[in-house]
Amino acid sequence: MTIQFNPADLLVILPELVLLGATCAILLIDLFLKPSQRDITHWLSIVAIAVTSFLVWRGAPEVAQASARSTACSSTMASASCSGSLSCSPPA
């Protein structure tokens with residue numbers, strides 16, 4: 001059994017990727033700020049959380065459902081055939 005990479009699966013974890021990238025960038029920016037400029041870090045953090053919240057709210061429901069369906073079917077039974085739902089049934 002081989003594992004196949006589907007680029008559409010990255011849309012499901014996009015909010016986490018954005019938050020991780022923003023956190024790393026904010027930490028690097030904070031290294032070079034003077035103590036009197038630390039409010040910049042505060043506002044950048046709020047912007048990062050707002051962008052991540054928007055991405056979670058917007059979501060990608062059809063991609064998430066398709067990904068969950070294919071993952072559920074491939075992990076539960078290797079020779080299963082998926083019906084339209086999240087449940088898998090063995091071939092007849």
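**Exercise 1.** How many salt bridges does the count come to?

*Solution.* A salt bridge needs a side-chain nitrogen of Lys or Arg within 4 Å of a carboxyl oxygen of Asp or Glu. By this rule the count is one salt bridge. Its partners are Asp30 and Arg38, with 3.5 Å from N to O. Arg38 has a relative accessible area of 36% and is therefore partly exposed; buried means under 20%, exposed over 50%, and partly exposed in between (1.4 Å probe, protein chains only).

The model is predicted: local features need pLDDT of at least 70, side-chain atom pairs count only at pLDDT 80 or more, and totals for chains, interfaces and linings use all residues. Residues are numbered from 1 along each chain as its sequence is written, and side-chain values use heavy atoms, with hydrogens and water left out.

**Exercise 2.** State the order of the elements from the N terminus on.

*Solution.* Helices (H or I, at least four residues) and strands (E, at least two) are DSSP runs, numbered from the N terminus. The protein has three helices and two strands. Their order is α-α-α-β-β.

**Exercise 3.** Which residues of H2 are buried, and where do they lie around the axis?

*Solution.* The buried residues are Thr41, Ala48, Thr52 and Leu55. They cover an arc of only 55 degrees around the axis, so they are on the same side of H2; the arc is that of the directions from the helix axis to the C-beta atoms. Their cover includes helix H1 (14-31). The face turned away from the buried side carries the exposed residues Trp43 and Trp57.

**Exercise 4.** Find the aromatic pair and classify it.

*Solution.* Rings of Phe, Tyr and Trp (its six-membered ring) pair if their centres lie within 6.5 Å; planes under 30 degrees apart count as stacked, over 60 as edge-to-face and the rest as tilted. A search of the whole structure finds one pair. The ring centres of Phe54 and Trp57 are 6.0 Å apart and the planes are at 40 degrees, so the pair is tilted. Both residues belong to H2 (residues 39-58), and being three residues apart, they are separated by about one helical turn. Phe54 is partly exposed at 44% relative accessibility, whereas Trp57 is exposed at 71%.

How values were computed: Contact = heavy atoms within 4.5 Å.
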